[in-house]
Each structure stands twice: as C-alpha cells, then as structure tokens.
Amino acid sequence: MKQNNMLAMILAGGRGSRLHDLTNKVAKPAVSYGGKYRIIDFPLSNCANSGIDVVGVLTQYESILLNSYVAAGRRWGLDAKDSGVYVLPPREKADVDLNVYRGTADAISQNIDFIDTYSPEYLLVLSGDHIYKMNYAKILDYHKANNADATIAVIEVPMQEASRFGIMNTDETGQIVEFEEKPQQPKSNLASMGIYIFDWKILRKMLVADMKDPESSHDFGKDIIPSMLADNRKLCAYKFQGYWKDVGTIDSLWEANMDLLAKNNTLDLNDPSWKIYTEDTTELPHYVGTNAEIKGAYITQGCHIEGEVRNSVLFTGAKVGPSAKVIDSVLMPGAIVEDGAVVTRALVADNIRIGANAVVGSADSDHIELVAKRVKGEE
Amino acid sequence: MKALGIINFSGHHIRVEGMQDYRPIGAFSFLGRYRAIDFPISNMSNSGIDQIQVYVNQKPRSLAEHLGTGRHYNINSKRGKLQLLFSENGAENSLYDTDIAAYIENMECIEHSTCPYVVIAPSYMIYAQDFHDVIKTHIESGADISLLYHSVDNAKEAFLNCDVLNLNKQKGVLSIEKNRGTAKNRTIFMDTYVMKRELFIELVYKAKKLSSMYTLPQIINVECDELDVRGISHRGYFATITDLKSYFDANLALMDFKNVQSLFNEDWPIYTKTNDSCPTQYFDTADVKRSIVCNGCLIEGTVENSVIGRGCIIKKGAVVKNCVLLSETEVGEDVYLENQVVDKHARIIHAKEIIAQSEKPGYIRREDTI
C-alpha cells in the first residue's frame with residue numbers, strides 16, 4: 001500500500017463454459033495460454049509491475065487449482081512485507097448467511113471487511129480472464145488528474161462488433177455519459193475492458209446500498225455503473241491502446257495463441273521491462289531432434305520435437321514424435337503427439353496423447369477442433 | 001544420517017580460458033538455462049541435505065546473485081540453510097589459495113554444524129547422484145572416507161586436470177594422483193567425499209600443519225595407509241569443466257538425447273533460478289536440428305548441434321554449428337559460426353565467419369561486438 005494507496009481485486013470466479021472441456025476442472029483464469037502462462041498471470045503480473053502490493057483474488061468456480069496457484073504470491077514478486085496475494089472465496093461470516101458471489105459487485109461487497117483492513121484510497125477492479133499488458137499506475141494518474149469518482153478502461157473495437165460488448169458513450173472530454181450493455185444500435189465503439197478504478201469511499205457506500213436492493217443483480221456493468229451515472233457521479237473513460245483479448249471460446253483461445261507467432265506482435269511477451277511472471281518449472285530447455293523441422297512456432301521449456309511443427313504453439317512439456325506433424329495447432333502442457341500422427345487446426349488439451357499415425361483436425365474446418373480425450377493410434 | 005553439504009571451488013591448477021575471467025566455474029552457464037553449481041546443489045537438496053555451504057574464492061558476484069536465498073533449490077526456508085562462504089587467500093601467491101585455507105577460514109561454520117557427516121562435492125563437475133545412497137554405502141562399508149569415482153576410457157586425451165584414484169580389487173583407495181594421460185582406462189576422482197564431520201575437521205587441521213600448500217585430496221593421499229579410504233563408483237552422465245574444451249564438450253555431449261536421459265530424470269529435478277523469459281519464437285526461415293534451445297530466443301537462421309542460451313537472437317541466413325551460445329547473444333544476418341563458445345551479451349554482426357576446430361573451440365568475449 002506504500003506506493004500508490006490502491007488495492008486490486010481480481011474477479012476470477014467465472015467458469016468460461018464456452019471453453020468446454022478445458023474448464024471442466026479449472027476456472028477460466030487458470031486456463032493455460034502462450035506456452036507457459038495461465039491467463040491470470042497477466043492481471044497479476046500487471047499488478048506487480050504497476051507497483052500494486054496487495055491483490056485480492058475472488059474465486060468461486062472449481063477453485064482448488066486456482067486458489068493454490070495464486071496463493072504463491074512470490075511467483076509474481078508479490079511477497080514483500082505488507083504485500084501479498086489473497087485468495088477470497090465466499091466465506092461464512094457472523095450474523096450473515098453464507099452466500100455464493102451473486103455477481104461481480106457482490107463479490108466485492110462480501111469482502112468489504114478485507115478491503116477496509118488496508119483502508120485504500122482507490123480500489124482497482126480487474127477481470128481474471130483477459131490477456132493484455134497494462135500499467136495500472138497510468139490509469140490511476142488519469143483518474144486523479146480528472147478528479148473522477150470512477151475511471152473505466154476502454155478499448156476501441158470495430159463498430160460492427162461493438163454490439164458484443166459493454167459500450168461507453170462519452171462526451172468530448174472523455175467523461176462517460178451513458179453505458180449500454182451489448183447495444184443493438186451502438187453509438188460508440190469504446191468497449192469496457194472490465195477494468196475499473198473507484199474511489200473506495202464512494203464505491204463502498206454504493207455497494208452497501210446495492211447489497212440491500214432486492215431488484216439488483218449485483219453486477220458492476222448492470223447495476224453499479226448505471227446507478228453512479230444516475231447519481232451524476234464523474235465517470236471517465238481511459239482509452240487503452242495495445243493488445244487485449246477476452247478468450248471466451250476455443251476458437252478465440254486458439255487465435256490468441258496464434259497471435260504470438262506474428263513477428264513483432266503487439267503483446268510482445270519478450271519485453272524485459274514488463275515481464276509476465278508465472279509458475280517456475282524444473283523442465284529442461286526444449287530439445288530439437290536431428291530430423292525435426294520447425295517453421296513458425298512458439299516453443300517453451302520441456303518440449304521435445306523430433307517431427308515437424310508449423311505455425312503452432314507448444315506448451316510446457318509437449319512432445320512431437322518422429323515423422324509426426326503439428327500444423328496450425330496448439331499443444332497444451334504435456335500433450336503428446338506420437339510418431340507419424342498428424343494434428344491440424346486443433347487445440348490439444350493438457351496431457352492428452354495423440355496415438356501413433358492418428359489424424360486429428362483438418363485444414364479446411366471452420367472451427368478449431370478441441371481434443372480433450374486420448375486419441376488411439378495404430379497399434 | 002544427517003550430512004552437512006560442502007560445495008568446493010576449483011583449485012588454482014584449473015583455468016578456463018576467457019570464461020573464468022568473469023566468474024568462478026560454479027557460475028558458468030550450462031545448457032543455457034543452468035549454472036554448473038545447480039547440479040551439486042540439486043543433488044544435495046534432492047538427497048535430503050538442507051545445510052549447504054558453497055565456497056567461493058574469486059568474483060562472488062554472479063554466484064551470490066544466482067544462489068540468492070536458496071529458495072529455488074527446494075531447501076526448507078526455515079530449517080535449511082544455503083551459505084555462501086567467500087575466502088580470498090591467494091593475494092600474495094596463488095599457492096595459498098587452497099580448499100584447506102578456505103575451510104580453516106570458515107571453520108566456525110563447520111564446527112557449529114550438528115550434522116555427523118559431511119558430503120563434499122565440486123562446483124565444476126556435472127553429474128547427478130543420490131548422496132543419500134552414497135552415505136548409506138559409506139556407513140555400511142565401515143570406511144573412514146568414501147570417494148566417488150567415474151571409470152573412463154579416454155583418460156589419455158580428456159580429464160587431464162583431474163585426479164585419479166588407484167584402487168585395489170576391493171575398491172580400497174591406494175593413492176590419489178594426477179591424471180597424466182598415460183593410460184586410456186582410469187578411474188577419475190570426482191572430487192566428491194563422504195566422511196564423518198569430525199574426521200574432516202581433523203584432516204583440515206592436519207593438512208594445515210603439514211604444509212600451507214596441501215589440499216584435501218593431498219592430505220587424504222598421505223593418510224591412505226592409515227585410514228580406510230574406499231571408492232564408490234558413479235554411473236551415468238559425467239563431465240568436468242577444467243578448460244574451455246571440456247566446457248564445450250560437456251555441453252555438446254548433451255546434443256545426444258541418450259545423454260540427456262542419463263543426466264536428467266523426472267524424479268531428480270535440477271533446480272535453478274528462473275529468469276521469467278517467454279517461450280522461444282521460430283520464424284519461417286528457421287532451420288534447427290539436434291540442439292537444445294532455451295526460452296526467450298528469436299530464431300530466423302540455421303542452428304545445428306548447438307546449445308542456444310536464453311534470449312539469443314539468430315538472424316536470417318546466420319548459421320550456428322557446434323556452438324555454445326550463452327544468454328542474450330546475437331548472431332547477425334549471414335554470419336557463420338562453427339565450434340565457438342560465445343559469452344553472454346556478445347554480438348557477432350560484422351564478421352562473416354568465425355570457424356575453429358572442435359579440438360580447440362574458439363571463445364568470444366562477454367559483451368563483445370564483432
């Protein structure tokens with residue numbers, strides 16, 4: 001709290017059901033991305049790199065892995081004195097019924113006591129399932145310079161896609177005049193990134209009122225932001241420029257991985273001034289065999305490649321056997337493609353084995369094939 | 001049985017041209033991701049040894065930075081301890097710069113330990129070994145001292161700076177002497193010892209009394225007749241780093257995946273300090289074969305039979321053949337490199353080709369631009 005008097009809360013309770021089998025056992029923020037990361041490494045690393053010392057992570061759905069993963073705050077350097085990552089699942093309290101988090105705002109409301117122990121001036125609310133690099137100190141500076149009650153990060157999206165997002169309509173000074181959730185006729189293309197800075201005292205009052213409102217769905221987008229606008233509070237939009245992706249589906253998760261193959265891609269995970277931190281594994285550097293053929297690939301520790309890899313992303317410990325081909329695909333951690341197997345336009349889930357000479361996916365399919373069960377090969 | 005782990009530095013008869021000007025051998029990069037000292041420390045940590053002393057006699061900066069609190073070595077952060085003990089005894093004459101002098105200087109730390117045994121291992125040899133097994137064998141044999149050795153069949157041209165054990169048929173050590181390259185088949189002493197801590201302390205004082213030049217192997221050689229000194233054989237990958245050629249060979253031997261499997265084992269992890277580098281990116285023009293590649297690299301060129309350290313850049317048309325590239329080196333467009341050790345941060349961008357013979361690999365200095 002010494003650096004900027006801002007505490008961060010990451011909403012990480014969502015399932016991400018459109019990711020199908022990938023989120024059967026883990027919440028969406030814990031899904032693997034980019035060879036060695038999990039999605040939640042991005043907001044956590046952003047917090048660490050932005051000088052935020054205390055981060056609460058609100059978990060709910062299938063949270064065993066996520067809870068133990070984020071609790072080790074030292075992975076992101078969030079382990080100094082007065083610093084830490086706190087896992088906050090719903091809990092039983094004196095005089096209150098135990099409730100699951102009924103919405104994004106309710107998740108914060110149920111942890112007012114936690115936030116109060118740090119008495120922050122500002123509260124940063126983040127989503128745990130977006131991939132981007134952002135310096136939150138800059139948005140805080142913007143928030144202070146505008147003397148705003150709340151600041152919401154927005155990104156310009158193509159106008160034809162604007163109806164898929166929560167859209168902020170602003171005046172010429174960047175002040176938000178209207179918020180529309182997935183409007184059919186969007187008036188602007190400024191989409192909310194689900195990143196909010198609030199004046200804690202003001203938000204606290206609103207949350208207390210919201211908790212008592214039986215009509216409320218306890219959601220930031222649907223309830224809190226509209227009632228702040230109705231109260232004539234000053235809400236500002238902070239325009240973010242750079243890579244930002246919400247990976248809701250198998251196709252978009254695949255695509256976000258493929259984005260890393262472009263030369264000078266805008267996410268630039270190789271930037272030493274803004275590293276994304278993650279779990280440290282004891283895997284070896286990757287080994288490339290005598291007959292391997294690698295053209296256009298993103299490959300990490302523990303991989304072993306004897307066959308051909310084209311335009312693909314290989315996660316920790318993925319293996320490609322002799323004469324096997326992996327084309328336009330993503331191999332999640334520990335996935336194994338045995339000798340002679342061919343994988344095309346597919347996303348192979350964690351620790352899945354594709355048997356010898358098996359064929360998975362196809363070059364002209366509309367959608368990416370998710371392989372979440374063992375594929376038997378020729379014996 | 002609890003043992004105190006001691007990791008020793010290389011004697012002053014060992015000198016790795018170029019590389020050692022910047023750091024002690026223990027801090028040498030190995031396979032890009034590791035440093036040589038990760039192997040003895042991980043061996044100890046995996047064997048349940050959590051009191052570890054690392055001795056260093058020159059340029060401690062890189063080692064201190066790498067070891068940190070020792071947390072990454074999986075040593076219990078409350079009950080365990082990783083100490084870096086710096087000693088500088090060779091100022092007036094390098095002959096004073098012995099392991100014995102370093103032990104004398106830090107004797108307090110050795111005496112304060114409550115472990116009944118010591119395991120001493122070198123920072124300049126690469127191998128995997130369960131010391132728990134070695135201690136068990138040592139205790140069961142009733143020997144006073146057990147020494148680890150590795151049988152080789154190329155002692156005429158390799159391991160020339162190492163000691164050899166002369167063993168009798170019962171694995172009793174008759175003497176320890178320098179490998180003078182006179183025979184092919186020798187049992188190379190791995191500079192690894194197990195004995196009671198009290199005996200160790202006694203030997204250190206005895207050596208000091210006899211001569212300021214004495215080293216631990218020398219005093220044990222003198223005591224071979226009096227004490228029961230036995231050899232224990234090591235199997236699996238074994239390499240020593242005693243000159244540039246052996247450093248080069250130790251890395252490139254692991255381009256054979258069979259050797260990788262003999263050094264690395266899922267149940268015997270080798271720990272190191274993470275650098276949080278992102279994965280490596282291969283572009284369409286990349287052509288990589290029979291190599292080990294670390295994270296954070298950008299590869300557009302050709303790589304063959306080489307170790308590519310963390311964060312290296314290999315441009316289009318470049319060829320890297322039989323090389324060891326340390327981290328964050330750059331090989332410019334159309335540059336041809338063969339049989340080179342390229343030190344950290346070096347950039348080879350103007351030279352067209354740099355070729356050496358594998359019997360005498362070339363060395364390119366740290367931070368150099370060529």
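Colleague: Into how many nonpolar, polar and charged residues does the lining of the largest pocket divide?
Modeller: The model is predicted, with pLDDT of at least 70 required for local features and 80 or more for side-chain atom pairs, while totals for chains, interfaces and linings use all residues. Residues count from 1 along each chain as written, chains are lettered from A and ligands numbered from 1 in written order, and side-chain values use heavy atoms, without hydrogens and water. Asp, Glu, Lys and Arg are charged, Ala, Val, Leu, Ile, Met, Phe, Trp, Tyr, Cys and Pro nonpolar, the rest polar. The lining divides into 15 nonpolar, 17 polar and 14 charged residues.

Colleague: How much space lies in the largest pocket, and which residues are closest to its centre?
Modeller: A pocket is an open set of points on a 1 Å grid where a 1.4 Å probe fits, with protein on both sides within 12 Å along at least five of seven lines, and lining residues have an atom within 4 Å of a point. The space in the largest pocket comes to about 1,500 Å³. Of the 46 residues lining the largest pocket, the closest to its centre are A:Lys28, A:Ser127, A:Asp129, A:His130 and A:Asp246.

Colleague: Which element gives the most to this lining?
Modeller: Helices (H or I, at least four residues) and strands (E, at least two) are DSSP runs. In chain A, the elements that each supply at least two lining residues are α3 (104–109), β8 (150–156), β10 (176–181), β11 (190–199), α7 (220–230) and β13 (244–246). With four residues, the element that gives the most is β11(A).

Colleague: Why do two strands of the open sheet in chain B each have one side without a neighbour, and which strands are they?
Modeller: The sheet has five strands in parallel pairing, in the order β15-β18-β21-β24-β27; two strands pair if DSSP finds at least two bridges between them. Two of the strands stand at the edges with a single partner strand each, so one side of each lacks a neighbour in the sheet: chain B strands β15 (287–289) and β27 (353–355).

Methods. Grid points are joined across faces, edges and corners, and a volume is the space filled by probe spheres set on the points.
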